[in-house]
Structure formats: C-alpha cells, structure tokens
Amino acid sequence: MTPLLHLQDLSVDLPLGGLFSRGKALNILAGITLDLPRGQTLGLVGESGSGKTTLARAILGLQPSSGTMLFDGKPLASRSDYRAIRRRSALMFQDAAASLSPRMNVEQAITEPFTIHREPMGRRRDRAAELLAEVGLPAAFAARFPHELSGGQARRVGVARALALKPELVIADEPTAGLDVSVQADILNLMADLKERHGLSYLVITHNLALIRHVADRIAVLYLGRLVETGPTAEIFAVPAHPYTQSLIAAEPKPDPRKRRADLAIQGEIPGVLRRPRACEFHTRCPLAQEICRQDEPVLRTIAPGRQARCHLIEEKTLNRETTDELDHQSPQLS
Amino acid sequence: MPSDAEIAPAEPARQGRERRAAGRVLHRSSLRVLLRDPMGALGLILVVTFVGMAVFAPWLAPYDPLKLDVMNKFQPPSWAHPAGTDQLGRDLLSRIIYGARTALSIALTSVGLAGIGGLILGMIAGYGPRWLDGILVLIFDSVSSLPMIMLALAVITIIGPGTDTLILVVVTVSIPAYARLIRAQTLGMAQSDFIVAERAMGASGARILIRHLLPNVVGPLVILLSMDVPIVIMLEAGLSYLNLGVRPPTPSWGNILYDGYTSLRSAPHMVLIAGLPLVLSTLGFTFLGEGLRDALDPKLVKGGA
C-alpha cells in the first residue's frame, strides 16, 4: 500500500541577504526521507531548533523546499498540488490561541475551511455546533472570540477547525504544549478517538518523549535538520541506536534514581544552523565521539529491519548490548 | 457580530493573551474607554463641533460670509456681530463657520485619500513579493525625503494655488508615512500563526489580505490619520496666510488671519478670533488621536472596567 505521505531527500534552504547579496543560503533541513503510512502516527522528535516545525511547513508548501514529496502517491509540485494537500490535510499549531484570527469568533473560525474551499456546509450554525460537539465543546462557544478561550478550549477549537473538511493527514505541532497535565490527557484522548473514528494519519511534532511514546507508531529523530534515527517507537525506546537518541531517552525524568545515567548526558546547547559542525553534526556534544566523527559525514543507513540511523559507531554499539539493555525501562530484571 | 452581552463571560485569560484582545477596531468598550478619558472626550466633542460647523454652515452662519458692508468695517464684537467684522465689513463669525468647511474639506479629503493610498500600497509592500517591496520602499523613501512646505511651494509655482493643489501635495507627501506604518504592521503580522494557519488551510492571498490582515492593521493608521488632520489644517491656514492656498474671497482661517494681521493695530480682535478655531481644532484632533490610541489599546479595553 502506498504511504499517505512520502518524503524523499527533502531539504530546505533559507536564502540569506537582500538585494545585493544573492546566492547565499542557510541550510535548515537536508536529506529528509520519511514515510507516513495511512492510519498511523509518525512522531517527529528533536530539540528546539532542530527543524521540526520547518519540516511541517515544508510539507504543506508554506516553506519552499527541494526534494520529492508524494502525497497519496502523487507528487507535490505545482500550486494546485499544494492547494490539494492543504484541502486534504490540517495543521494544528503549538499556540492554538494564536492560530485563530483575533477578529473571528469560533463559529467563523471553524467553518472557514468550507468557505475557503467552497465546500457545501449547510447552515453555518449547525455545522459549527456539530464540529464543536465532536471536540466536546458546547455549541454556545460558537459566539466566543479567541481571547475569550482558555488554553485547552483554544486547542479544542483548533482541533475542530482541523477536522472541518475531514482531512486525511493531520500535522500536530506540540499538541500538548502549555496545557495542564489533565487537559493534555484530554486532548490526547480526543486525538486518539478522532483518529479511530475518521481514520486519520498524524504527524506529531514534539520534544516531549513521554507524549511521543504514548501516541506514535513510528519515530523520526531530528538533530540540526538531519534525520539521525527512525524506527518503530517501541524498538527505539527499548534499544536506541544513535547516541543522540540514547541521550534524549536517558535525559527523560525517571522515578528510579538507579536508572539515571550521567555518562550519556549531553552537554551544552544545540549548536544552531549558523555554526553547523562539520562532518557528523552531533560530534560536538556526543559522549562517544571519535576521530572519524570529526572527519566524515555519516549517512542514514538501515541497521535493522525498519530501522535506520545516521552514525559511524552503530556496529560497535550493537556489540555492546549490555549498555543498551540498561536503558530498557521495561526490562524486568532491573526493576 | 454579537453584542457584548451575548458573549458568555470570559474565563480569566493569561496575561500574554490580553494583547490579542484587540478585537474589533472600534467596538463598544473602546468607545467607552475613549469617553471615560477626559482628554479623549474633549477631543471628540471639539471634533464633532467643528464637523457640525462645517456641515451645517449655511444654517449656523448668521450672515452671508461674502456679503460686503463697508460702512460697518472693523466692528468689534457686538450683539449684531458676535465676532465683529473684517476690513470689508463681512461678518467674522460667518466667515469662521464657513472657514471650518474649507479647512475640514481640505484636511479630511487629503488625509482620507492619503490614508487609503497608504493602506493599499503598504499592504502590497508588506505582503507582496519582496522585489515589489524593495521598489515601493525606495519610492516611499524618495518621496518622504522632500519637505512638505518646499514641495507645496514648488507645486504651487508650477500649477498655481488652490484647493486641488493643496490636496495633491498633502496626499503625495503623506502616503509614504502611512504606507510605511501599514507595511511594518503587515510584515509583522504576516509571520503570525493565524496567518500561517490561513495559508495552511489553503486560503488565497486576496482572502488573507482582505479578511485577515486588513482589519488587524488599520487600527494604528486611524490614530495617525486623526493626529495628522490638524497638521493639514495648519498647512492650509499657513499657505492661505501666504496667499498661496485658498483664494480669497473664499473664507479660510488662514485668509482671516492674514487680513487680521494686516490690520492688527486697528482691529486686534480679528487675529484672536481667527486663531481660536485653529487652536481648538488642532487640540481637538490631537486629543482625539491620543484618546483613540488608548481606546484601541486592548489592555486598557479589557482591564479598564
């Protein structure tokens, strides 16, 4: 079956300078190759500045990119292709309240997709009430303006608007950012419920590993605009291959102090695309970095069925099974 | 649009969100804030008074502003002539009232036209392609480097004085300032999440510009326009005073001021009476502009209750 979304060697370059300094560009993303099968959830993980949001925008054509993108098997190239993908997908924003036009009330906001794509919606009022009911908000919310909504309510309105045209793909950027834990759970349950009912595919972008472990079928880890590891969620959490993934998982708060590991902690900040390290991007912060990491750029290669990683040291690591076993939260002998 | 009463009371919003309460440009609570501020209220009253004077001049003026009565020239204020008469015996009160018509028709027309022009060009520069923005900004910078008075004098020399010349000069000189303001607003807003959201939903450029950007960028322009009206009124008076603006005998505050100045010793009341509406209308529009700035500030609209 063709995946709903297929990215092949996607890259994004931001042109620099103005009228007199053409030609220079800042490389934000490169070599992104990903598949999102229909009905599945792909989690995109990485620190701030790793290019997660840029990737989401590139998929919808909001950000010029190069490479190949197939949506439902058809290439995205012209303006009308992008209009089509925007019709059949929806973007949920990190700051849901800010993604609503401040002068439109909820009813106008959530029925706007119908107007934009000239889709029949029946009576605006009824359709709005229907959409609000779907996300668990009373119909009275239709008359509210964005500044009159709480964080969780704004998020639900965002979901309602995303669902308006029955999309196939929903791109959710930090769907739980800035919400109380109980509201986070509500939103995640709502998203799972809607996925079930409407057969949605999600691309969930987050730096929250607990969230991604809970919702994603597959994970893609980004570091400085490069894919460093992809694979099924359970396997990556059980045996992370790339040192960066290991560090991320090791950095997760753990209730048991004996499972905390200092040796895998990464130091410092993400270097930033302006001062991109040569060769392997991660060598400046990698606890295992060796000479080769400073010399040659690694490539993304298959390390196990369905799993890929971009690291020179993977073979050595796989020999070292004990190291990785200790990272396995579920391993019964340690608990 | 639902009235305030129909909207259920909002839950306490976070601080950061207050900024977004900008809401509609001038909805009821904005007006309430404007009227609660004594300066704003005074400004509004003065502006409404002058606009009323201009609109209802034929009914308000006790005499024909052009009717000569040389026997009664240089009359000081009296019951028959509350503001006295000028060197040709014309009733000054009537001339002042008609002068409001001259001043406001020039000021409002030119500021209005410049505002519309600035709005359109500014939004094109802010949301259009970058190369077009570059060209427009270059033009704005060139035009606004010309001093208004110098340009006015040059244009008057070429095409002669008159109302149309004045309006032309003011519109030409003011457009860049308004366009720059709107461009900056538009540029900033084009990156905001809700505009990106509209694009992600597939909204067309025209729809984004008209439905989403326009209502969100005009607020500051309204304030600037209000505060620029007195500048144009002063310019008109100044040029008329120099005999380069409105041609006599059309009543204009500048003309009256000039006539008063030439007969300052024999009839000092003329200068005072012609200066008063100039000062009051300037204060009125400036206060209104400042009041609007507060009234359109969503933080005050929300928290002011």
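Contact, in this talk, means heavy atoms within 4.5 Å. With that in hand, some ground rules. This is a predicted model, where local features need pLDDT of at least 70, side-chain atom pairs count only at pLDDT 80 or more, and totals for chains, interfaces and linings use all residues. Residues are numbered from 1 along each chain as its sequence is written, chains are lettered from A and ligands numbered from 1 in the order in which they are written, and side-chain values use heavy atoms, with hydrogens and water left out.

I will start with chain B. Chain B has twelve helices and zero strands; helices (H or I, at least four residues) and strands (E, at least two) are DSSP runs, numbered from the N terminus. Of its 305 residues, 47% count as buried. Buried is under 20% relative accessible area, exposed is over 50%, and partly exposed is in between, using a 1.4 Å probe and protein chains only. Take the contacts in chain B between residues at least 6 apart in sequence: 71% of these join residues at least 24 apart.

Next, the records. An unreviewed UniProt entry places "domain: ABC transmembrane type-1" at residues 100-289 of chain B. UniProt positions are in the numbering used here, feature names are shortened, and annotations may be inferred rather than shown by experiment. In the model, residues 100-289 of chain B are 84% helix and 0% strand, with the end C-alpha atoms 19 Å apart. The unreviewed entry also gives "transmembrane region" for several spans of chain B, including 103-128 and 267-289. Residues 103-128 of chain B are 96% helix, and their end C-alpha atoms are 36 Å apart. For residues 267-289 of chain B, the figures are 91% helix and 35 Å.

Now a single residue. Is B:Ser240 buried or exposed? B:Ser240 counts as buried, because its relative accessibility is 0%. B:Ser240 sits in helix α9 of chain B, residues 205-241. Setting aside residues up to four places away in sequence, B:Ser240 touches B:Gly245, B:Val246, B:Ser252, B:Gly254 and B:Asn255.

On to the cores. A nonpolar core is a set of buried Ala, Val, Leu, Ile, Met, Phe, Trp, Tyr and Cys residues joined through side-chain atoms within 4.5 Å. The largest has 67 residues, and B:Ile233 and B:Trp253 touch the most other members. A second, separate core has 62 residues, among them A:Leu149 and A:Tyr202.

What about the surface? B:Val51, B:Val55, B:Phe56, B:Trp59, B:Leu60 and B:Leu108 form a nonpolar patch there, with about 610 Å² of accessible area together. Helices α2 (38-55) and α3 (57-60) of chain B each give two or more residues to the patch. Patches are made of residues with over 30% relative accessible area and no salt bridge, with like charges joined within 9 Å and nonpolar side chains (Val, Leu, Ile, Met, Phe, Trp, Tyr) within 5 Å. A salt bridge is a side-chain nitrogen of Lys or Arg within 4 Å of a carboxyl oxygen of Asp or Glu. Accessible areas come from the Shrake-Rupley method with a 1.4 Å probe; for residues, only the protein chains shown count as cover. B:Val51 has a relative accessible area of 31%, so B:Val51 is partly exposed.

Last, chain A. A:Arg88 lies in helix α2 of chain A, residues 79-88, and is partly exposed at 21% relative accessibility. Beyond four places in sequence, the residues that A:Arg88 touches include A:Arg38, A:Asp72 and A:Glu168.
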